[in-house]
Amino acid sequence: MAARSMRLAQLLLFTLLCGFVGLSAAKHLDLDGIHHHQHHLHSATTHHRRRLQRDSRAKDAVGGSTHQCDAVKSYFESIDIKSSGTYSEKGAICGGNCCNNATELELRDKAAGMFEQLLHHHTSSLRGILETNAKQFQSHVLELAQISENMTHSLFSKVYTRMVPSSRMMIHQLYTEIMNHLIYTSNYTNSNGQLGRRGIGSVQSNLEEAVRHFFVQLFPVAYHQMVHLSKNNLGDLHEDYVNCLKHNFDEMHPFGDIPQQVQSNLGKSVHMSNVFMNALLQAAEVLSEADALYGEQLTDTCKLHLLKMHYCPNCNGHHSSSRSETKLCYGYCKNVMRGCSAEYAGLLDSPWSGVVDSLNNLVTTHILSDSGIINVIKHLQTYFSEAIMAAMHNGPELEKKVKKTCGTPSLTPYSSGEPDARPPAHKNNVKWATDPDPGMVLFLSTIDKSKEFYTTIVDNFCDEQHSREDHSCWTGDRFGDYTQLLINPGTDSQRYNPEVPFNAKAQTGKLNELVDKLFKIRKSIGAAAPSNSIQATHDIQNDMGEGSGGGEGQIGDDEEEYGGAHGSGDGSGDGPHTPIEESEGTTTNEVESRESGKTSGSNPLAGTATWMLLTLVTMLFSSCS
């Protein structure tokens, strides 16, 4: 009986469910038809309305473009650009009505020329600073040397009067040697203006020998006039006696250690001054050679974006008489300018920065120090006076050495009258020249700002814009928001530049030659003026190995962007896989199964009915579908 009731219930349910599903399907088909018809009518109406709007805008554009392009045409003519005068042909790059392809080509060349001119201007300015400071520094130390000579003559005429006739010429000869060694071009270049083979070290050695020769010549005069001379015994020393004193100068040691101090201090300080001038002029020459390469290194992609940045707004009817009136997107401007200068910045900025650091160290720790050329020249007359005073102080001991080696002095009459009757010949200028320290500080400040020379140029260009934003500005294609990444300087980063990507395969042979020259300049300064602030040879080799790497430790925006993708947690990483813990879930399921088992176990018929109902529903959906 129970089985028959269950079968009847199944049949009843089956009939009801099939009827319900059939009605639902029919209703669904009718609604689909109605909806499809309504959608077709709506689409046709929308298409017609848009076509009317587009036609209306086209008519307005034809009338407005003529007025806009007339203003642009006047601007183009003011910058020597010929516009076609017709507005039916759009250029392939800017896509505006005011420029055809021929006009865009002219504008592209002009934009490239503007970029080259920007580099030329800053390069020639920096080169001028280097050359001017080399000239001014040389002029200043030569002036100091001339004043020092005049002061030395004045000192001898007031304090060592008897020595004046015999010492005047040797003093002049010494200062002539000093000034000749301070004239950089006469020592290091040949008649054709090319760097000669005579090295800075040999010049230093020659100057030290000239200083020694001066003190050897001074010894007989100082001994005779200030140590041995008496009122009752006047006259000149015999030539043979003079030669004996000169020959035994080192053994008698009349001036103590002062000659050696002057030799060392003067020789080293003149050497450093020549290293300084040499570095300035060679660095200026590198800039001059780089200046000649600018036009050769610009890529077509760079020229295209310079056109889009400078003139495409005009081609699209946006009249502006200067780039400051066109609101460039800051990120777009920097990406274009950095991309166009990436080769120079990547290859030259780092070695140039090394040269600047070396120059800074050379000036602060040597040129302007107590042992630098300026201070040494100012104290020369003091050294000479101290040497003579040392001989007088050690007079008795020196007399014994002289008589033991050369015997008793033999005198001859004065060759040209009494020494007191000979007026000293020295010039009127006995005041020191203006202290160069302020000028040197200004030079160091200026040269320090050039450390990232090419990067600084392009950054300053974009910083001069009215706005430093990336909203409602010119993106290169339209006015809107610039959403591309701003890429850091350096060739490694600039490979990902969205506007002008760096091409590592570009011809860089000539630029690499300039890099080598900059490394040599830095190395020559470091050899003369070693310091902890200047990297050792190993570091220089590392720089050369990195070469065009550019960024040097900087992580560009692009690298951060691409680096972040590796840890985004997308489930496909290569790291160790953490399995899903199943023990607790399994235990819970087992508990729930046991609980449900307990419940179903109390009524077997209820479990059978439930199973049959589920089977019935499955069959109904399968058959009705």
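**The nonpolar core and its aromatic rings**

Tutor: The largest nonpolar core has 133 residues, and the members that touch the most other members are Phe-76, Phe-215, Phe-276, Met-337, Trp-352 and Tyr-454. Helix α8 gives the most to this core, with 15 residues. Please keep in mind that the model is predicted.

Let us turn to the aromatic rings. In the whole structure, a search finds 19 aromatic pairs. One of them joins Phe-214 and Phe-384, whose ring centres are 4.9 Å apart and whose planes make an angle of 50°. A pair of aromatic rings is described by these two quantities, the distance of the centres and the angle of the planes. Planes under 30 degrees apart would count as stacked and planes over 60 as edge-to-face, so the pair of Phe-214 and Phe-384, at 50°, is tilted. Phe-214 belongs to helix α5, which covers residues 200-228, and Phe-384 belongs to helix α15, which covers residues 380-393, so the pair ties together parts that are 170 residues apart in sequence. Both Phe-214 and Phe-384 are buried.

This pair also has a wider setting. Ring pairs link Phe-214 and Phe-384 into a cluster with Tyr-175, Phe-215, Phe-219, Tyr-223, Phe-249 and Phe-255. Phe-215, a member of this cluster, is also among the core residues that touch the most other members.

His-253 lies in the loop between α7 (249-252) and α8 (258-291). The phi of His-253 is near 50°, a positive value in a residue other than glycine. With 37% relative accessibility, His-253 counts as partly exposed. Asp-80 also has a positive phi, of about 65°, although Asp-80 is not a glycine. Its place is the loop between α1 (2-78) and α2 (101-159). Asp-80 is exposed, with a relative accessible area of 68%.

Finally, a word on confidence. The mean pLDDT of the protein is 74, and 63% of its residues reach 70 or more. Over residues 20-31 the pLDDT is below 50, and this stretch has 1 contact in the model beyond near neighbours in sequence. Residues 186-198 also have a pLDDT below 50, but that stretch has 23 contacts beyond near neighbours in sequence.

Terms used. Residues are numbered from 1 along each chain as its sequence is written. This is a predicted model: local features need pLDDT of at least 70, side-chain atom pairs count only at pLDDT 80 or more; totals for chains, interfaces and linings use all residues. Side-chain values use heavy atoms; hydrogens and water are left out. Rings of Phe, Tyr and Trp (its six-membered ring) pair if their centres lie within 6.5 Å; planes under 30 degrees apart count as stacked, over 60 as edge-to-face and the rest as tilted. Helices (H or I, at least four residues) and strands (E, at least two) are DSSP runs, numbered from the N terminus. Buried means under 20% relative accessible area, exposed over 50%, partly exposed in between (1.4 Å probe, protein chains only). pLDDT is the predictor's confidence in each residue, from 0 to 100. Contact means heavy atoms within 4.5 Å. A nonpolar core is a set of buried Ala, Val, Leu, Ile, Met, Phe, Trp, Tyr and Cys residues joined through side-chain atoms within 4.5 Å.
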